[in-house]
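Hi,

Here is the structure I said I would pass on.

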Amino acid sequence: MANGFLILLLLFIFSTFVTNIHACNQTERSSLQSFALTLSTSTPLNWTSGDCCRWEGISCNRGGSVTHLSLPSKGLKLKGGDFPSSSLENLTRLTHLNLSHNSLDGSIEPSSGFFLSLSHLEQARNLTSFNVSNNTLLGSIPSSVCLNSSPFIRLLDFSFNNFNGSISQGIGECSQLKVFRAGNNNLSGLLPQDIYSATTLEEVAIPFNSIYGVISDRIVNLTNLAILDLHFNQLSGMIPFHIGKLSKLKNLFLQFNNLEGSLPPSLMNCSDLRELNLGINRLEGNISTFNFSRLSKLSILDLGQNQLTGILPSSLYSCKSLRAIRLSRNDLEGEIQPEILSLSSLSFLSLGFNRLTNISKAMRILGRCKSLVFISFANGFQGGELPGDLGVVNFDGLQNLRLLSLDDCGFTGQIPAWLSKLKKLEVLYMSYNSITGSIPSWLGNLPRLKFLNLGANLISGDLPKELCRLPMWMFENTTATQEDVELPVYGSQGPTLFVQYTLSYFPFTMDLKSNNISGSIPIEIGRVQLLRHLDLSNNSFTGNIPEQISNLKNMETLSLFKNHLSGKIPSSLTRLNFLKDFNVSYNNLEGEIPTSTQLQSFSASAFEGNPKLCGAPLPTECQQAKGNDSNNNENSTEDEDEYQIPWLHVSVILGFILGFWGVCGPLVLKKKWRYAYFEAIDKAENRIYVMVIRSFRCMAKMQRRLKS
């Protein structure tokens, strides 16, 4: 019993001792409280207990000194715009400072209170990680963080802020710096030369800025470099010739710059390379001379939009880990070989705007690939006929395909039936070819198709009403996934460039322009209420513009010009409030253009070529108000005369009927009355006869007297 009590007593004393070891340093506690008073947060910090080492985001060492101040994504804001210079100065043992993903703003110039707080941190000789990314901080990047602070600092992250100016010297003074990030700011100027002296660097990421100049050959000094990300800047010159000495390089991102010259052959020595993106530059040379099989770990390759020549390299098929290949917008030749099927993880293939051949063979090969999600061959093949089938009895390839772009290749033949099996297809481009035949009704059965472009072909026949039952155009699809594709899809809207990894950029679109489609626009068009772009221009459509088209409340583009449409423009179109582009020119429309702020905002060219159409914005006015009134009065009189009840005729007829039956009715019904009536008639007749005879005799006597 005594032994048990002794053991409990020792445990209590030990636990108290341990607790005291980790107890918060009171001076640092006061500094943290002062720091908290300068902030407002979306969720209040739980900093009330006596031991600050137990506070949210705070970690201490065994001596009770604060080592970690980590408050990411807390909605932090500065109450007064600046930190007081003393708020963090006592945290001399701090190793990690993380204030990322908040709303900290204001200047970070050397004279600002925020910078003064940071400069006091330079007394913290143990600082190894400094992260203020994803805020709205201004000013220049404080290079003195490296010049005067801890020699042990390993991470500096200033990315996703509003820093501007050039990166000044000082980075090279951080002798143990491994990660330097300053992307997505407004930085300009040259890369600081002393960055090539920070030989411990493993990651340099400064994308989405305006850095210019050349990449120095001294980059090879960074022998530990694994990630070099300088994309979307204004770099020029050549890729360093000896870049292959960076044997640990895994990711090289230099796309969206002005780099020129040939690819350095030494690049094939970077055998650990996983992702290589040099797209959208001015690189040149024969790609066939490179042996990509040496890059056995390569998973992403993007050399698109350069000036590369040669044959499509078959050595790529040896890179078994490849998930994405983009070689579009170059000047490559050759054919796709069956060996591409060995790339079992390949999901993204973009070879458009080249001079490849044998599209039929290519599609028959790729038809056996089950991993492909994205295929873009736009303007990449020189003619040929699309295969009607892919030569597979039980077709189960391309079952994950979401985008297929075959536009502007000069293809012939009809829309192939194997497309009906692609149940995950979202985007289909087949425009600017020589496709014949009619639009198959089974296109309306593709459950995820949202973007359809068959424009500028030789398609004929009617517009099948089945096409107006595509589910993605009719119903909000809350279960639709926005899975990323392996390489970004580039798009633009005005001056804005979109760089995104999903297919959400493609709006709900039906584009059938410049064909020979005839017949009327089906009234079922009113079902596709989510459609945003409808282009039926330059066809042979007849009949009226259906009223139901006004059900498309999200419509932004409606192009119906150069058809044979007739009748009036439906007044219900004025309810299309999101309409940005509207054109019904060169049809046979007539009458007054419906009055609305929306339709009158378009230029007269959107309505021209319809001789019987009048009203704003056309210069042809409808008839003047007076003429309209007189015409309307005449028309209304004619209408009234046409539809007015002829009361005079009715009264005459009624009078005749009443008079006739009033006199004759009793004679028909009463026999005595009838006899009496005819007897009276006879008597009246006799009296008249006698009177007439007497009159003649009197006249004869008068004549004889006058003669005598």
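Strand 16 (residues 234–237) pairs with strand 18 (residues 258–262) in the parallel sense, over two bridges. Two strands count as paired if DSSP finds at least two bridges between them. Across this pairing, S236 sits opposite N258 of strand 18. Strand 18 also runs parallel to strand 20 (residues 282–286), with three bridges joining the two. There, G261 has L283 of strand 20 as its bridge partner.

A word on what you are looking at: this is a predicted model, where local features need pLDDT of at least 70 and side-chain atom pairs count only at pLDDT 80 or more, while totals for chains, interfaces and linings use all residues. Residues are numbered from 1 along each chain as its sequence is written, and side-chain values use heavy atoms, with hydrogens and water left out.

Now the overall picture. The protein has nine helices and 44 strands. Of its 708 residues, 47% are buried, where buried means under 20% relative accessible area, exposed means over 50%, and partly exposed is in between (1.4 Å probe, protein chains only). The accessible surface comes to about 34400 Å², and carbon and sulfur atoms hold 54% of that; the areas come from the Shrake-Rupley method with a 1.4 Å probe, and for residues only the protein chains shown count as cover. Among contacts (heavy atoms within 4.5 Å) with a separation of 6 or more, 59% are between residues 24 or more positions apart.

(The axes are lines fitted to C-alpha atoms, for helices over the stretch in contact, and angles run from 0 to 180 degrees between N-to-C directions.) Strands 33 and 37 run parallel and are joined by three bridges, with S460 partnered by N516 in strand 37.

Next, the disulfides, meaning pairs of cysteine sulfur atoms within 2.5 Å. How many does the structure hold? There are three. C24 is joined to C52, S to S 1.6 Å. This disulfide is right-handed, because the torsion about its S-S bond is about 80 degrees. C24 lies in the loop between helix 1 (2–21) and helix 2 (26–37), and C52 in the loop between strand 1 (39–40) and strand 2 (58–60), so the pair ties together parts that are 28 residues apart in sequence. C24 is buried at 7% relative accessible area, and C52 is buried at 0%.

C53 and C60 form another disulfide, S to S 2.1 Å, and this one is left-handed because its torsion is about -100 degrees. C614 and C622 are joined as well, S to S 2.1 Å, with a right-handed link at 90 degrees. In that pair, C614 is buried at 13%, whereas C622 is partly exposed at 24%.

The structure also holds 15 salt bridges, each a side-chain nitrogen of Lys or Arg within 4 Å of a carboxyl oxygen of Asp or Glu. One of them links E335 and K361, whose closest N and O atoms are 3.0 Å apart. E335 lies in the loop between strand 24 (331–334) and strand 25 (348–350) and K361 in helix 5 (residues 359–366), so they tie together parts that are 26 residues apart in sequence. E335 is partly exposed at 26%, and so is K361 at 27%.

Buried or exposed: which describes E426 and R402? Both are buried, and their side chains meet in a salt bridge at 2.9 Å, N to O. R532 and E556 form a salt bridge too, at 3.1 Å; R532 is partly exposed at 32%, while E556 is buried at 15%. Finally, D157, R181 and E203 are linked in a network of salt bridges.

Cheers

Conventions: Helices (H or I, at least four residues) and strands (E, at least two) are DSSP runs, numbered from the N terminus.
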